[in-house]
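User: I am new to this structure and would like to learn how to read it. Please take me through it feature by feature.

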Amino acid sequence: MMKRFLLYGFMGWGIEVFWTGLGSLIAGDPKLSGYSSLWMFLVYGNAVFLERVHDGIEDWPWFVRGLIYMLLIWAIEYVCGFLLDTLLGVRPWHYTGRYAVNGYIRLDFALVWFVAGLGFERVHRSLEKMGVA
C-alpha cells in the first residue's frame with residue numbers, strides 16, 4: 001500500500017504540473033510555468049484508498065463509475081482543502097469564480113474528475129498486473 005501511495009502521489013504531482021503548465025500556455029505564457037505544492041503529494045497519495053471503491057464497483061456501468069469517482073474526488077478535494085486551511089492555515093489551492101465552492105472545489109471541473117477517475121481504474125489495474133504491492 002505504501003508503494004502505491006507514493007506512486008499516486010508522484011503521478012498526481014506530475015499531472016498537476018503538466019496541467020498548470022498547460023494553463024499557462026493557454027494564458028499566453030511561453031515559459032509553460034507549471035507548479036504544485038508539497039502538500040499535494042499527500043492529497044494525491046490518498047488515491048490508494050479509492051482502490052477499494054474501484055474493486056467494489058468495477059462491474060457497474062462506466063458512466064455510473066465515472067460519476068461516483070467525480071463525487072468522491074470532489075469530496076476528498078473539499079475535505080483536504082478544508083482541513084489544510086482550518087488546521088494548518090495553508091491553502092495549496094484556492095479556487096475562485098462562479099463555480100468555486102468555498103475555494104476548495106470547482107464544479108466546472110466535473111468532466112476532468114469524471115475522466116480522471118476512469119483513468120485511475122486503468123492505472124490501478126496496471127499496478128496490479130505488475131505486482132506493485
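User: In which helix does W13 lie?

Analyst: Some ground rules come before the case. This is a predicted model, in which local features need pLDDT of at least 70 and side-chain atom pairs count only at pLDDT 80 or more, while totals for chains, interfaces and linings use all residues. Residues are numbered from 1 along each chain as its sequence is written, and side-chain values use heavy atoms, with hydrogens and water left out. Helices (H or I, at least four residues) and strands (E, at least two) are DSSP runs, numbered from the N terminus. W13 lies in helix α1.

User: Is W13 buried, partly exposed or exposed?

Analyst: The general idea is relative accessible area: buried means under 20%, exposed over 50%, and partly exposed in between (1.4 Å probe, protein chains only). W13 has a value of 22%, so it is partly exposed.

User: Which residues is W13 in contact with, leaving aside its neighbours within four places in sequence?

Analyst: A contact means heavy atoms within 4.5 Å. On that basis W13 is in contact with S36, S37, L38, M40, F41 and Y44. One of these can also be placed by C-alpha distance: M40 is 27 residues from W13 in sequence, and 6.9 Å from it in space.

User: How many helices and strands does the protein chain have, and what pattern do they follow?

Analyst: The protein chain has five helices and two strands. Along the sequence they come as α-α-α-α-β-β-α. The radius of gyration is 15 Å, close to the 14 Å from the globule rule for 133 residues, so the protein chain is as compact as a globular protein of that length. That radius is taken over C-alpha atoms, and the globule rule is 2.2 Å times the number of residues to the power 0.38. The C-alpha trace spans about 40 × 30 × 30 Å along its principal axes.

User: What share of the residues is buried, and what share of the contacts joins residues at least 24 apart?

Analyst: Of the 133 residues, 34% count as buried. Taking contacts between residues at least 6 apart in sequence, 63% join residues at least 24 apart.

User: Is W62 buried or exposed, and what does it touch?

Analyst: W62 is found in helix α4. Its relative accessible area is 53%, so W62 is exposed. Not counting residues up to four places away in sequence, W62 touches F114 and L118. L118 is 56 residues from W62 in sequence, with 7.8 Å between their C-alpha atoms.

User: Which residues other than glycine have a positive phi?

Analyst: Most residues other than glycine have a negative phi. Two cases with a positive value can be named here. L32 has a phi near 55° and is found in the loop between α1 and α2 (38–45). At a relative accessible area of 45%, L32 is partly exposed. N102 also has a phi near 55°, and its place is the loop between β1 (100–101) and β2 (105–106). N102 is exposed, with a relative accessible area of 51%.
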